[in-house]
Amino acid sequence: MKKIFTLLAMIVALNSFSQIKMSGVVKDSIGKPLELANVIAINQESKALESYGITDAKGEYKLALGKNGKYKVQVTYIGMKTIDLIVDTKEADIKKDFTMILDNQLDAVELTYEMPVTIKGDTIVYNADSFKNGTERKLGDVLEKLPGVEINDAGQIEVEGNVVQKLTVNGKDFFDGDSKLATENIPSNAVDKIQVLRNFSEVGQLRNVTNNQNNVAINIKLKEGKENFWFGDITAGVGTAPSPNDQLYLVQPKLFYYSPKYSVNVIGDMNNIGEPALSNRDVRNFGGGFRAPSRDSGTNLNLGSNGLNGLTNAQNAQQVESKLLATNFSYSPNSALDLSGFVIFNTTRLNTRQDSFINYIQVEDDPNTTIDESDTPPNEETTNIGREASDQGLAKLSASYKPNSNNQLDYDVIARLSKDSELQTEDSNIFDVSSQLDKVTPFSINQNINYYYTLNENNIFALEAQHLIRNEDPFYNAFLNNEPDANPTPENPGNDPYDSTAQSLGLNQSLDFYRLGQNQKVKSNQLDAKVDYYNILNPKSNISFTLGTILSRQDFDSDIFQFLDENDSSNTQDINPTIADRDGNVLGAINDTQYNFSDIYLATRYNVRTGKFTFRPGLSVHAYGNQNVQFGEKFEDNFFRILPELEARVQFKKSESLTFNYRMNNQFTDVTSIAEGLVLNSFDRLSFGNSELQNGLSHSLSLFYRSFNLFNNTNVFARVAYNKNIDQIRTDTRFNSVVTTNTFFNSQFADETLSAIGSWSKRFGKIQTRLGVNFNYSLRNQLNRGIPFVNESFSQTYNSEIRTNFREAPNVRLRYRFQITDNDQGLSSTRFIVNEPSIRFDAYIWDAVTFVTDYSYLNQDNGQESISNQVWSARLGYRKDRDAKWEYEVRASNLLNIDARVNNGAGDISVFSSETFLQPRFITFRAIYTL
């Protein structure tokens, strides 16, 4: 890491040595400093933007100029007459002050060159062309070059550490959900401005009375000439793979149409090279812009998810086939009504392989607990080969009616349907060969209606209601070999590792196989609604009152059975388990559970601003009702709880603030954790619930600092967060060989987490630098075989980056990540050390050839061995000029033909090392036609 910092310092020093500094103060005619005045310098030889700056609160500016050059300096400020000055630089720094006078002319200011970054209140506007060098192809390529903006590992856009919640194009919704579709599909050459909207509120009436500090949206403003015309690109490609039988193909049309009245976007994808436009996980997590009305109430109700959430990411598969058709529209028939929606159909087929070594942790013996020798699990080695299939459909329709500034009515409906299956064949040193099949066809309909009414300038009313219906029907089938002659007897314990579990499940052990089946049905029905009243007391304070409710019902049915024939699925029998719960009650193989939850709450919040300080204390009173009915027996828990909250903010400057937040939350689980019958998560992972589970209570505190300083080109944000969880729901894990049986309980000990994240970035001329740190500490209390133990984890991650942003010369991006993770689990202690340097090189040569290559090296050390992974990809493209319609590319992925990626980690009950097998080297030739 020292070498990286040394290299960074050397590059910055060399860059600084070749430049001089021009600085001074911009003021008006009476000598008052002007904040946020724009100062730019144009190189008179190349006619390119050399440097830019924005004045701070004292009117000071700084420019970095090359030595012995000639520059045109332009100073602009709204309402003031533009100043133009020719400056000849020598070897010494330059001091120059500017005095601006009022401009009485109504003509617009004629700018020699647009400012790369401007700030207008809470909006940061980036001029996209100022950050392009010709190698960019998609919106994401531009965004990752902007100061304060990042693309995270999930493909989402982050601004100052906050995930962007909404993305629009020319003010119109673009697939109102995950921003990944925009970053990877909107062509970069269509982008004119990128507007980052901080403190964003979708409802203008509520902007000044609600807390929007962490809300960020982005609007993409298209270049002139893109409206009323179709634009986009169509890509077609073929390629080769190491196996002669693998014929690679790629077809990706991406078409866009925008006009003042309506817009249409069409994104298609069909390929088998592992580049899905959206993965199955992306579609499953696609929120559609829905936000629960109770999100700030202090109540967190988890409805769970019973789909195949374990579906693999395309980056971790050996073979990937994907097809996507997505269309998005918006239509404004008049100034009061806006209609929008989208339809997405996605299908994915994956082949996977993973080799794992699992070392189950040991805990210190408890003198009050007796442990059978079979409860001590051996180490396990597995090879898992999987085939996954996912067909997903998603549709949304939205309407927004605003007849005037005092009324707004919104309605949204989103429907989901999928058909997922996963077939796994596992070779284990414990169970030999087994196969498992999971299938599920879930669907859901979510509706949202909001109405906002402004009675007068001091009184605002809001109604928000959301209704969800969701049905899930997981089916599970497992097949294992059995040796009937080796079944355990009073005289012989047997040597088949699954016999003991089979016996406790009540399986027929006379067959030479075990074939288990399980049907589950989970129905969820939830209403989440609230009414808000806002009273503006004076220009600096307001108070709000909220009456809300959450009403939820979940029905859970399941049954476990045994197939008596390898091929005939109709020949089954019920099973009679002998497994008992913690109180000695024998568990059933079926579940028939109804879980009803209600929360009726009244909340108030007071918001006051005094000088630089803003205070927002709040309080909510909740009447909770929990009821679950299982096999005619009812368990009820009704209680009241008061949940306080507080936010305090110091606004040092317009773009610098410090925010403290405290909140108390109540956490409630879903029906599957309450159902007391046995459930097969897999043949070797059993679980049962606890009807008397209580809610968990958490205290959350956070401190957030942000500073966006265009005067010295520095962007800083930092967040520290602490959580203390009381009565947290935890698992007690019992072993039979490596077969686990889990149940749930409320821990009497508090769990704690502490995290700190920070980022500092600064631009030195054409060089952008960034340093980041991330610390995470967690303490969790758990039970392993009935023995309490503490699971502690502390991870520290350090990131550094330096990149150039030359318009003509090639550009380089260097990154380095260093991570240490320490885990203390019972009697086991582990330390994982990760070193990951990476380099990206991109060049646009002769205004025709684009070359981009990425290389990363990842080394993992677990104290016993050191393992390395390498990833290298490249792209070479040709187009006649920047405006050419056709472009031809050769792309290569996994150039080193690495077979697998190694990963080390620690879970709740084990330490593991795994090898995930990847796609081989692919080389593809592509033709891209630009509309």
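On a 1 Å grid over the protein atoms alone, a cavity is a set of points where a 1.4 Å probe fits but cannot get out, and its lining residues have an atom within 4 Å of a point. A volume is the space filled by probe spheres set on the points, which are joined across faces, edges and corners. This is a predicted model, in which local features need pLDDT of at least 70 and side-chain atom pairs count only at pLDDT 80 or more, while totals for chains, interfaces and linings use all residues. Residues are numbered from 1 along each chain as its sequence is written, and side-chain values use heavy atoms, with hydrogens and water left out.

**View 1. Strands and residue classes around the largest cavity.** Strands are DSSP runs (E, at least two residues), numbered from the N terminus. At least two lining residues come from each of β3 (49–54) and β44 (767–784); β3 gives the largest share, 4 residues. The lining has 7 nonpolar, 5 polar and 6 charged residues, where Ala, Val, Leu, Ile, Met, Phe, Trp, Tyr, Cys and Pro count as nonpolar, Asp, Glu, Lys and Arg as charged, and the others, Gly among them, as polar.

**View 2. The second largest cavity.** This cavity has a volume of about 200 Å³. Of its 16 lining residues, E35, S655, F708, N709 and L710 lie nearest the centre. Strand β39 (residues 696–709) supplies the largest share of the lining, 3 residues. By class, the lining has 7 nonpolar, 4 polar and 5 charged residues.

Conventions: On a 1 Å grid over the protein atoms alone, a cavity is a set of points where a 1.4 Å probe fits but cannot get out, and a pocket is an open set with protein on both sides within 12 Å along at least five of seven lines; lining residues have an atom within 4 Å of a point.
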